[in-house]
Amino acid sequence: MTANQELAKSPSGIQGLDEITNGGLPRGRPTLICGGAGSGKTLLAASFLLNGVVQFDEPGILMTFEETGEELASDLASLGYDLGKLVREGKLIVDYVRVERSEIEETGEYDLEGLFVRLEYAVSSIGAKRIVLDTIESLFAGLSNPGILRAELRRLFRWLKDKGLTAVLTGERGESGLTRQGLEEYVSDAVILLDHRVQEQVSTRRLRIVKYRGSHHGTNEYPFLIDREGLSVLPVTSLGLTHPAIEERVSTGVTRLDDMLSGRGYYRGSTVLLSGTAGTGKTSLAAHFVEAACQRGERCLYFLFEESPQQLMRNMRSIGINLQPWVDRGLLQFHADRPSRFGLETHLAAMQRAVRDFQPAVTVADPVTNLLTVGTQNDVRSMLTRVIDYIKSQGITGLFTSLTPGSKELEETDAGISSLMDTWVVLFINEDNRKRRRWLSVLKSRGMAHSNSVREFILTDHGLQVLDAEAAGQTRLGGV
Amino acid sequence: MQHQTLAEPPVVDTETFLLRLYVAGQTPKCMRAFANLKQICETYLAGRYHIEMVDLLQNPQLARGDQILAVPTLVRRLPEPMKKIIGDLSNTERVLVGLDLRPARRSNT
C-alpha cells in the first residue's frame with residue numbers, strides 16, 4: 001500500500017462514527033474497543049456487526065463470552081435489531097462461549113484449537129465478513145495458564161487477518177493500560193476508547209479514537225448517545241468556517257423589527273440572540289418568528305429548557321399567537337428537556353439528532369442560559385459553538401434566547417455567547433413614571449445596515465408591537 | 001487410534017463412566033491425552049468406562065454443544081454432573097480429582 005492510498009474501510013453504519021473515521025473501521029483487520037463497565041462497548045461492537053448484516057450485506061458472527069444469546073438478543077431488540085430473524089436467515093451466528101473456571105480442571109498442555117474450530121466453522125457456514133469477540137479477555141478469568149492464552153491470542157489475531165475478517169474486539173478498561181490483559185498489544189490497527197463519566201449527577205458518554213494506523217481520523221473526544229434508536233457519535237467540532245452565506249432574508253415576525261434590520265429581517269441561515277431580563281418578552285418575540293416561519297410553510301424545531309410546550313402555547317395565546325395548529329400540521333415540533341436531565345454533551349447530541357430527524361428551516365432554543373446550570377460558561381459556549389456549526393452547515397436559521405440576571409450588566413453577561421451570533425437583539429424593562437415600559441434594540445447585525453435606535457414595544461392580545469419611534473421618545477433613554 | 005462412532009449409544013449402568021475426549025486431528029498432545037486417559041481408566045475404572053473420541057476437525061459443529069474451547073478436552077458425561085478436564089491429562093492426580101475419583105486437594109499451581 002502506498003502512502004497516498006487510503007486504507008480499505010468497513011462502514012459501521014453508526015451515525016457519526018464513519019465521519020470521524022473517514023469511512024469506517026479498517027477492513028479485514030481487527031479493531032479494539034475498550035472502556036469501563038457500562039461504557040457501551042458491546043453495543044458499539046454489536047451495532048457495527050448488525051449494521052454490516054442489515055445495511056452492507058456482510059454476514060457476521062457475534063461471539064460473546066459474557067452474555068448468553070438470549071440476553072444479548074433482548075438488549076439489542078430494544079434498539080430495533082431482530083437477532084432471531086437474522087440468525088434464521090443465515091446472515092448471523094451468535095455463539096455464546098462459556099468459560100467457568102470452577103467447572104474446568106486443567107492438567108498438562110493444551111491449546112485453543114477448539115475455539116478456532118468453532119470460529120472457522122461459523123465463518124465458513126455463512127460466509128462471514130465481520131466478527132465481534134465480546135470480550136475475549138474473559139478467557140483469562142476462565143483459564144489459568146496466561147502463557148498459553150497469550151500465545152493463542154497472537155495466533156487468533158493472525159488467523160483473523162489471514163481470513164480477511166473485519167473484527168471488533170472489546171476489552172475492559174484496565175488500571176495501567178487500555179485493557180486489563182493488554183489486548184492493545186495485539187491490535188495494532190485501530191483502537192477506540194469509550195468513556196462514561198458522571199459529573200455532578202450528570203452523565204456523559206464520550207468516544208475517542210486512540211489509534212488508527214494508516215488513516216486520518218478525528219482526534220477529539222466525541223460525545224455519543226445511546227437511545228432507543230441505537231448509538232450515534234457526534235462529530236460536532238468545528239467543521240471549518242465554510243458555512244454558506246445566504247443572501248435570503250426571513251421575517252422576524254414583527255414588521256417593525258424587520259424594518260430595523262434594513263427592512264427585511266434576519267438572514268436565513270444566520271444566528272440570532274434575543275437577550276433580556278426576566279419577563280421582557282424574549283419568548284414572545286421568538287414565538288412571532290416561529291409563527292412567521294410556519295406561515296411560510298417552513299418547519300420549526302423549538303427546544304425548551306424551562307417551560308413545557310403546553311405552558312408556552314398557553315402563554316402565547318394570551319398575546320394572540322396560536323401555535324397549536326402548526327403543531328397539528330406537523331410544521332412545529334417542541335423538544336422540552338430540563339437542563340439537569342443530562343450533561344451538555346448529551347443535550348448537544350439530542351439537539352443534533354432532533355434537527356437531523358426533523359429537518360427544520362428554523363430552530364429556537366429557549367433559554368440557552370438555563371444550560372449554565374449543568375456547565376460552566378466556557379462549556380456552554382463551546383457546546384453552542386458546535387450547535388451553531390451544525391445548524392449553519394444545514395442552512396438553518398437559529399434563534400437563541402438568553403436570560404440576563406437582573407443584577408448584572410446587560411451586555412456583559414451575554415458576552416460569552418453573543419460573539420457567536422450574527423444578530424443580537426436586546427430587550428429590557430425600564431421603570432418610567434411608575435410605569436414599566438419595554439424596550440428593544442438591535443445591538444448588532446452582521447452584514448446589514450441596521451437601526452441603532454432603542455424602541456419601545458408593548459405586548460398586546462394581538463402580539464408584540466413596536467411603537468413609533470416618535471411616540472416613544474426614545475431619546476430620553478440614550479444612556480441605557 | 002480407535003474411534004467409537006457417536007451413532008452407537010453404549011449400554012451404560014449407573015456405575016459406568018461415559019467419557020468423551022475432544023481432539024483436533026492426531027496431534028502429539030491429543031495422542032498423549034488419549035494414551036494417558038486409557039491408562040488411567042484401565043487402572044481405576046477397569047470394566048466400567050466407555051471412551052468416545054471426537055475429532056473436531058471432522059465434526060466442527062460439535063464444538064459448540066459441549067462448549068469446547070481447549071483441545072484436548074475430556075468431558076465426563078456420566079455420571080452426572082458433567083465434568084471437564086482440559087490438557088494432555090499428564091497429571092494423573094488431577095485427572096482423578098477432575099473425574100471425582102479422588103477428593104479434591106485444591107491448589108492453584
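Two strands are taken to pair if DSSP finds at least two bridges between them, and helices (H or I, at least four residues) and strands (E, at least two) are DSSP runs, numbered from the N terminus. With those terms, an open sheet of nine strands in chain A has the order β17-β16-β18-β19-β15-β20-β21-β22-β23, with mixed pairing. This is a predicted model, in which local features need pLDDT of at least 70 and side-chain atom pairs count only at pLDDT 80 or more, whereas totals for chains, interfaces and linings use all residues. Residues are numbered from 1 along each chain as its sequence is written, while chains are lettered from A and ligands numbered from 1 in the order in which they are written.

**The nine-stranded sheet of chain A**

- In this sheet, β17 (332-336) and β23 (463-466) of chain A stand at the edges with a single partner strand each, so one side of each is left without a neighbour in the sheet.
- Neighbouring strands of the sheet are turned by 20 degrees against each other on average, direction ignored, where axes are lines fitted to C-alpha atoms, for helices over the stretch in contact, and angles otherwise run from 0 to 180 degrees between N-to-C directions.
- Strands β20 (residues 423-432) and β21 (residues 435-445) of chain A run antiparallel and are joined by 10 bridges, and Glu431(A) has Arg436(A) in β21(A) as its bridge partner.
- Helix α9 (residues 282-295) of chain A packs on the sheet, touching several strands, including β15 (271-276) and β18 (362-366) of chain A, and its direction makes about 165 degrees with that of β18(A).

**Strand β8 of chain A and its partners**

- Strand β8 (residues 166-172) of chain A has six of its seven residues buried, so it is largely enclosed by the rest of the structure; a residue is buried if 20 or more other C-beta atoms lie within 10 Å of its own, exposed if 12 or fewer, and partly exposed in between, with C-beta atoms placed from the backbone.
- Strand β3 (residues 30-35) of chain A pairs with β8(A) in the parallel sense over six bridges, and Cys34(A) stands opposite Gly171(A) in β8(A).
- Strand β7 (residues 130-134) of chain A also pairs with β8(A) in the parallel sense, over four bridges, with Ala167(A) as the bridge partner of Ile131(A).

**Helices α12 and α13 of chain A**

- Helices α12 (residues 344-358) and α13 (residues 377-393) of chain A pack at an angle of about 15 degrees, with their axes 10 Å apart, which makes α12(A) roughly parallel to α13(A), a label for angles under 35 degrees.
- Residues of α12(A), among them Leu348(A) and Met351(A), meet residues of α13(A), among them Met383(A) and Val387(A), contact requiring C-beta atoms, placed from the backbone, within 7 Å.
- The residues of this contact of α12(A) with α13(A) divide into nine nonpolar, one polar and two charged, where Ala, Val, Leu, Ile, Met, Phe, Trp, Tyr, Cys and Pro count as nonpolar, Asp, Glu, Lys and Arg as charged, and the others, Gly among them, as polar.

- Chain B has three helices and four strands, which run β-α-β-α-β-β-α from the N terminus on, and buried residues make up 31% of its 109 residues.
- The contact between the chains takes 28 residues from chain B and 21 residues from chain A, and the largest share of the side of chain B that touches chain A, four residues, comes from α3(B).
- By class, that side of chain B has 16 nonpolar, seven polar and five charged residues.
- Strand β6 (residues 104-106) of chain A pairs with β4(B) in the parallel sense over three bridges, and Glu106(A) has Ile86(B) in β4(B) as its bridge partner.

Note on methods:
Contact = placed C-beta atoms within 7 Å. Parallel < 35°, antiparallel > 145°, perpendicular 65-115°, else oblique.
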